[in-house]
Amino acid sequence: MNLQQLKYIAAINRFRNFAKAADSCNISQPTLSAMLLKLEEELDVRIFDRTNKQVTPTSAGEKIILQAKKTLLELEKITELVAEEKNQIGKSLSLSVGPSIAPYILPKFIKHYRKDYPEVNLSIQEMKSEEMFHVLQDGEIDAGIAISDLPRKGILEIPLYTERFYVYLSEDCWRKLPVFKPENLEHENMWIMKEAQCLRDSAFSFCKARSKGHHIYESGSIETLIRIVDENGGFTIIPEMHLEFLNEAQRKNVRKIEGDYLSQRRISLYIREDYIKERMLNTIINSMKEFMPAQMMNEGNWKYGIRL
């Protein structure tokens with residue numbers, strides 16, 4: 001048994017496909033199959049059941065794969081520790097970003113990151129929170145950016161920034177009011193997006209209000225919600241960073257949310273508790289500081305960066 005074989009079985013488990021696993025390991029499929037067979041013969045146990053249609057781990061294989069992942073992560077730590085001691089950033093950064101966050105930070109983040117750290121191979125995927133936590137715990141990505149307050153065992157949450165929610169109203173909806181107050185809420189005219197707006201700490205509990213109205217719809221994007229409001233009336237809530245996407249006429253339909261209500265969302269960086277690449281995490285912070293308003297960023301990160 002050797003480390004290369006452990007990498008092979010981890011890849012097979014990840015892709016559940018020999019061709020894709022072999023490609024990710026930069027070897028031929030026959031070589032991958034031969035190395036797996038050799039390991040199974042050495043251990044005298046079948047790690048994967050394979051048919052023409054699927055590849056699935058056996059009960060013993062699941063335990064072996066889990067231990068292989070742990071071993072590979074520990075091996076990676078040695079390389080990371082050496083890099084940290086040499087004040088090196090690292091060769092690659094794999095990051096996931098939530099779909100309701102990506103449109104607002106990724107275009108500028110990628111621009112600044114590639115300019116400031118051209119030596120780092122940057123890889124970014126859009127993922128919903130559950131998928132993000134799964135690949136994060138498996139060590140398939142370095143970090144994830146998602147809505148705050150999503151605790152998971154073995155995962156560390158680092159606050160990044162906070163942005164306010166605003167109300168976006170149709171032309172004929174409350175236009176005479178200088179501000180919007182939650183008591184003005186008419187549930188039948190409310191349009192929501194679950195992923196971005198149904199938060200435990202969001203503005204005036206949109207989720208709880210769903211049962212009160214008969215015409216509440218869930219959309220797939222903030223942009224779609226705004227178009228729905230423009231065409232059908234009513235209102236929605238939009239994050240602060242979406243304001244720059246509005247045209248001049250649409251900006252007139254925006255109202256602040258007044259009163260003693262928490263009308264904001266917090267965004268965090270998630271990493272494994274045993275993650276040690278402090279310098280790599282600070283490349284994320286440094287790039288975000290180039291385009292994010294200082295008042296939105298977490299004060300500690302803005303002044304001192306991330307300390308693990």
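Colleague: Which residues in α5 meet α11, and which residues in α11 do they meet?

Modeller: On the α5 side they are Phe109, His112, Tyr113 and Asp116, and on the α11 side Met280, Thr283, Ile284, Ser287 and Met288. Contact means heavy atoms within 4.5 Å, and helices (H or I, at least four residues) and strands (E, at least two) are DSSP runs, numbered from the N terminus. Please keep in mind that this is a predicted model, in which local features need pLDDT of at least 70 and side-chain atom pairs count only at pLDDT 80 or more, while totals for chains, interfaces and linings use all residues. Residues are numbered from 1 along each chain as its sequence is written, and side-chain values use heavy atoms, with hydrogens and water left out.

Colleague: At what angle do the axes of α5 and α11 cross?

Modeller: Axes are lines fitted to C-alpha atoms, for helices over the stretch in contact, and angles run from 0 to 180 degrees between N-to-C directions. The axes of α5 and α11 cross at roughly 120 degrees and come within 9 Å, and these two helices are therefore oblique to each other. The cut-offs are under 35 degrees for roughly parallel, over 145 for roughly antiparallel, 65 to 115 for roughly perpendicular, and oblique for the rest.

Colleague: At what angle do α1 and α3 pack?

Modeller: Their angle is about 110 degrees, with the axes 10 Å apart, and α1 and α3 are therefore roughly perpendicular to each other. Here Gln5, Tyr8, Ile9 and Ile12 in α1 meet residues of α3 that include Leu32, Met35 and Leu36.

Colleague: Which residues in α11 are buried?

Modeller: Buried means under 20% relative accessible area, exposed over 50%, and partly exposed in between, with a 1.4 Å probe and protein chains only. In α11 the buried residues are Met280, Leu281, Asn282, Thr283, Ile284, Ile285, Ser287 and Met288. Their cover includes the helices α5 (102-116) and α12 (299-304), together with the strands β3 (92-97), β5 (143-147), β6 (155-169) and β11 (264-272). Across the protein chain, 45% of the 308 residues count as buried, and its secondary structure comes to 12 helices and 11 strands.

Colleague: Where does Met296 lie, and is this residue buried or exposed?

Modeller: Met296 belongs to the loop between α11 and α12, and at 5% relative accessibility Met296 counts as buried. Leaving aside neighbours within four places in sequence, Met296 is in contact with Leu160, Tyr161, Thr162, Glu163, Glu240 and Met241. One of these, Glu163, is 133 residues away from Met296 in sequence, yet the two are 6.2 Å apart in space, C-alpha to C-alpha.
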